[in-house]
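Visitor: I'm new to this one. Can you put it up so we can go through it?
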Amino acid sequence: MVTAIISALGVLFASIVAVILKYYFDYKQLKNKALSKTTSRIINEQILEPFHFSIELSLYKLIIAENKELTKDNQIPVDRILHSLTQLQNRINANPLIYSYMTDFFLNNLSNTIDSIESKKRSMRKINKNYQAFSGMYFDLLNQVRKSNFLPRRGDRYRMTFNLYKQKNARRFENIRTFQKVFAFATIYLAFSTLGILFIVSCMHLLVSSYDLIQQLYQITN
């Protein structure tokens, strides 16, 4: 009975971990996937180049209210970013081909950011949360296009150079990014280690159960 419970819990936990890992690796694969030459060229000409200064060099920055003074290089007024995001959304919606190239996540995060800024009950915390999610999608799109053109991906150094972060300074941003990478590695390592242990335990239980079954059959036949 105890063996069956342990085995069932092991299978359940392994299934949950497997689903989480599958989602993670599917996202990583989509994130790092290179676009076709035609798709890459169109997106670059219609989206990335026109919005290089207004959006790309404003990604991940901290959005502040329009009545507040800019005190740091990583801050951006809410009205300025709203104007840029609205222009981007209008361009995408006006071109069915471009619209078809955008992922649901990209379109959803863009729409959520604009809606949160235009909301009557404006919350800067919600705005920044949505904008960080959109920035991640835009940055992934940028790197997909660069990969298809055999260009090195933009990373943390690029973001630090142009103050593309919400933290107080570049050092804090770098520390947080380092922690996130270490945490992600540790989580994956722990997940695989746990799966390995559960697999070994399950195999041992299976061997024991098989041995007991063979003994019982032997006793019955004799």
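Visitor: Which residues are buried in helix H2?
Guide: First, a note that this is a predicted model. In helix H2, which runs over residues 37-48, the buried ones are Thr-39, Ser-40, Ile-42, Ile-43, Ile-47 and Leu-48.
Visitor: Where do they sit, seen down the axis of H2?
Guide: The buried residues of H2 fall within an arc of 165°, so they line one face of the helix.
Visitor: Why would residues three or four places apart point the same way?
Guide: Because an α-helix has 3.6 residues a turn.
Visitor: What covers the buried residues of H2?
Guide: The cover includes helix H3 (78-94), helix H4 (96-101) and helix H6 (124-148).
Visitor: Take H3, then. Which residues are buried there?
Guide: Val-78, Ile-81, Leu-82, Ser-84, Leu-85, Leu-88 and Ile-92 are the buried residues of H3. Their arc around the axis is only 165°, which puts them on the same side of H3.
Visitor: And what do they pack against?
Guide: The buried residues of H3 pack against H2, H4, helix H5 (104-118) and H6, and also against strand E1 (62-64) and strand E2 (75-77).
Visitor: How far apart are the end C-alpha atoms of H3?
Guide: They are 24 Å apart, which agrees with the 24 Å that 17 residues should span at 1.5 Å a residue.
Visitor: New topic: the surface. Which residues make the nonpolar patch?
Guide: Phe-199, Ile-200, Met-204 and Leu-207 make a nonpolar surface patch of about 470 Å².
Visitor: Is Leu-207 buried or exposed?
Guide: Leu-207 is exposed, because its relative accessible area is 56% and the cut-off for exposed is over 50%. Leu-207 belongs to helix H8, residues 170-221.

Methods:
Residues numbered from 1 in each chain as written. Predicted model: local features only at pLDDT ≥ 70, side-chain atom pairs only at ≥ 80, totals over all residues. Heavy atoms only, no water. Patch = residues over 30% accessible without salt bridge, like charges linked within 9 Å, V, L, I, M, F, W, Y side chains within 5 Å. Areas by Shrake-Rupley, 256 points an atom, 1.4 Å probe, with all protein chains shown as cover. Salt bridge = Lys/Arg side-chain N within 4 Å of Asp/Glu carboxyl O. Helix = DSSP H or I, 4+ residues; strand = E, 2+ residues; numbered from the N terminus. Buried < 20%, exposed > 50% of the residue type's maximum accessible area, 1.4 Å probe, protein only. Arc of directions from axis to C-beta. Contact = heavy atoms within 4.5 Å. Expected span 1.5 Å × (residues − 1).
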